[in-house]
Amino acid sequence: MISFSPSEDQQMIVTMVKQFATDEMRKIYRHCDESGEIPAQIIDKAWAMGFISSAIPEKYGGTGEEHSALTASLLAEELAWGDLSMTMHILSPSLFVVPVLLMGTEEQKEKYLPAFCGNKVQVATAALMEPHLNFDASALTTTAERKDGHYVLKGSKCFVSLAADASAMLVYANEGGKTQGFIVEKGAAGLKIGEREKNMGIKALPTYELTFQNCKVPKENKLGGDKGCDFNILMNSSRVALSAMAVGVARAAFEYSRDYAKTRVAFGEPIASRQAIAFMLAEMAIEIDAARLMAWEAAWMLDKKKDATKEASLVKNYADDMVMKVTDWAVQVLGGHGYIREHPVELWFRNGRGFTTFDGMAIV
Amino acid sequence: MIDFELTPEELKVIKDAHEEAEKFARPIARYYDEHEHDEPTEFIERLWQQTLQGQGGSMIGLGVGAVLRIEEACWGDAGLYLTAPGSGLGGAAILQSGTADQQAKFLTRYNQGNPKWGAMAMTEPGAGSDTAAIQTTAVRDGNEWILNGEKIFITGGARAFNNPGGLIVVWATVDRAAGRAGMKPFVVEQGTPGMRLEKLEKKLGIRASDTAAIVFDNCRIPYENILGSPEVRSTDSGSTAGFRRAMATFDATRPIIAAMALGVARASLDFVKEELEKQGVKIRYGVPKSKLTAVERDVMDMESAYKAAKMLMMRAVWMMSQFKPNSLESSMAKAKAGLATSRITQKAVELMGPLGYSRKWLLEKWMRDGKINDIFEGTGQINMLVVARRVLEFSSRELK
């Protein structure tokens, strides 16, 4: 039965996250962007809120009930409304946890998940993207080859969040033409972590380029064991998560430019009283809502275990374009002021541009 | 709980409506496009029989299933869909503004006897989107109202005018000086002296549907045919009860127009995908943009625009079925669906080349048909204005 009404639990989560985003993230996001650093204290607070452990079932030490991509995308929108760098930092462990939860063997779940249910922040990440043109997640150039009871990883990765601090990471590699995940623990021989990358946006999020030089991984570390994982489902989950975050970033930019347009006076009246500005804002509102509802539908399909490839791909493409347009227009509504770093719209504009790049950088 | 699962009943409604559209609308779609004012008698009779069996739907108070049925019907043919007998937009206004007695008196006829039509007359030669500027007057004379003025662009106006049992809801002012406050809806029965069918319009598309101009020349109607209160009251917001009711009618009808638009858009989209598949082109979802062909990207853009509009439409309808105020959401849906359909149908003609432009196929027709959805029941721009005022919390004075 069709319904667009979040459950009471979901509404409570949204309210709680919105509060956190308003009281904590929004207070420091500009400083974080300028300094390139996120205070540990805010990451601790977010950890204590249980964004990660609430996704993990009780039998592995978590507090979670059934994992829901829909609930996670509601949460992701609110966090991203607060700040995208911090969101990706806070949710980085789920790049590891969610695939293990969805695709891992029982042994992998028992071995790795409990560590994410404690009081102390457990950093983890995943490495998918590669530093070359025509990157295609389903045709990776990083390879995994089975040899004498283990796997050998070769190749380069980029945009790996928190790689330097991660206790474990999921590395995606091409095994006989298929993309599979491999759990690589901190300090693995043959894993070289490069310098921190410098990006146009998400400047407060540390990301790294990695090289795998004959990096040996025990055979039991292949995600899902011998039968492997269904990477397509993970990609779809990632598309939904990123779409929800794009909606959050766009909404932040829309709200700010809307409020600005209502108070900024030109020719004797607020600029929002002119259709040239008002219609931009109306279109921004429409596009944001449309993308959000599309993301909900794709998330709902994931939760129902339906093949969401079409819906997830469509919403990802749509949300990528939407967030670019909305953040661009937000800068435009502010005119010269939008270009100045005293206002946040330029930051959202830079972050918004990234969504066409951020393949696999979030998962729910 | 957010849910996108259609009920078995809704799925059946869609399936039946789709089969019906395929079997009965598609085969005659071209004929009634080329023979603009011919009457599709058999088609109408078929629809009427369904209405008599309780399978028809009024224009208002619709649930998700009914709106999805409209999408399928317009996938078949939007022009033919608009010929469907029923109380139409006139009925929507009566349901929105009429008393229980008026509803019983005017609406029960729509599921008995011969096929009948209802219509709504709002637009005038000098007043389109600016509905508050209408010039048609209603003057009280004892137990009667006397209507004078000219109404144009009345969808289904000729069928309502010509067929016994028809009625037209006419918006007229009882006090021009009062502006919007003076605007009232009046029910005029078919055959009332002083009401004259002036003209049948020739249109770009939806040619099976009649669009009429009707003149009211000292047209006398019973006093009790006014819908709602005859009093002219001003309210703080500068708006008024009568005008608000007119606008409330649009809240209910805009999602329906969005559904109609989506039916036409999907007809084009389905055709394009089928033709591409015949030529060995299958759309590869989940492949990076840089690896897609231009055609694949175009089709995916069309599909996601369709999807975006559909989601907005579904939300607006769902809100209506839950009795939640949906003025913002229905205008969002209408603005998006109208524009998306124009773009999708135009792109479809482009992508299919000669297949698209030739009248041998229906793509060029769908492009012409689809365009109406960006115009009637409020142009795309008027809907943007409604959305803008809502999101800015600006009155019509603050945002003109």
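**Exercise 1. Find how far apart the centres of domain 1 and domain 2 of chain A are, and describe how the two domains touch.**

Solution. 
Step 1: Begin with the distance. In this predicted model, the centres of domain 1 and domain 2 of chain A, taken over C-alpha atoms, are separated by 22 Å.
Step 2: The assignment for chain A puts domain 1 at 8-117, domain 2 at 124-227 and domain 3 at 231-356.
Step 3: Look at the contact. Domain 1 of chain A brings 21 residues to it, and domain 2 of chain A brings 17 residues.
Step 4: Ask which elements of domain 1 take part. Helices H1 (8-35), H4 (84-90), H5 (94-103) and H6 (106-112) of chain A each supply at least two residues of the side that touches domain 2.
Step 5: Sort that side of domain 1 by class.

**Exercise 2. Now try chain B: describe its domains and the contact between them.**

Solution. 
Step 1: Read the bounds with care. Domain 1 of chain B is assigned as 1-84 + 238-400, and domain 2 as 90-225.
Step 2: Take the distance. The C-alpha centres of these two domains of chain B lie 26 Å apart.
Step 3: Look at the contact. Here 39 residues of domain 1 of chain B meet 26 residues of domain 2 of chain B.
Step 4: Name the elements. On the domain 1 side, two or more residues come from each of the helices H1 (8-34), H2 (41-52), H3 (64-81), H7 (241-278) and H11 (363-371) of chain B. H7(B) gives the most, with eight residues.
Step 5: Sort by class. This side of domain 1 of chain B divides into 17 nonpolar, 13 polar and nine charged residues.

**Exercise 3. Work out what chain A brings to its contact with chain B.**

Solution. 
Step 1: Take the totals: 37 residues from chain A and 34 residues from chain B.
Step 2: Find the elements of chain A. Helices H7 (231-263), H8 (275-303) and H9 (309-334) of chain A each give two or more residues. The largest share, 14 residues, comes from H8(A).
Step 3: Sort the chain A side by class: 21 nonpolar, nine polar and seven charged residues.

**Exercise 4. Take a closer look at H9(A): what is its span, and how many of its residues are buried?**

Solution. 
Step 1: Compare spans. H9(A) has 26 residues and reaches 38 Å from its first C-alpha to its last, close to the expected 38 Å.
Step 2: Check burial. H9(A) is mostly covered, with 19 of its 26 residues buried.
Step 3: Look just past the end. A:Gly335 follows H9(A), and its phi is positive, near 60°.

Note on methods:
Residues are numbered from 1 along each chain as its sequence is written. Chains are lettered from A and ligands numbered from 1 in the order in which they are written. This is a predicted model: local features need pLDDT of at least 70, side-chain atom pairs count only at pLDDT 80 or more; totals for chains, interfaces and linings use all residues. Two residues are in contact if their C-beta atoms, placed from the backbone, lie within 7 Å. Helices (H or I, at least four residues) and strands (E, at least two) are DSSP runs, numbered from the N terminus. Ala, Val, Leu, Ile, Met, Phe, Trp, Tyr, Cys and Pro count as nonpolar, Asp, Glu, Lys and Arg as charged, and the others, Gly among them, as polar. Domain bounds come from an automatic or database domain assignment. The expected span of a helix is 1.5 Å times one less than its number of residues. A residue is buried if 20 or more other C-beta atoms lie within 10 Å of its own, exposed if 12 or fewer, and partly exposed in between; C-beta atoms are placed from the backbone.
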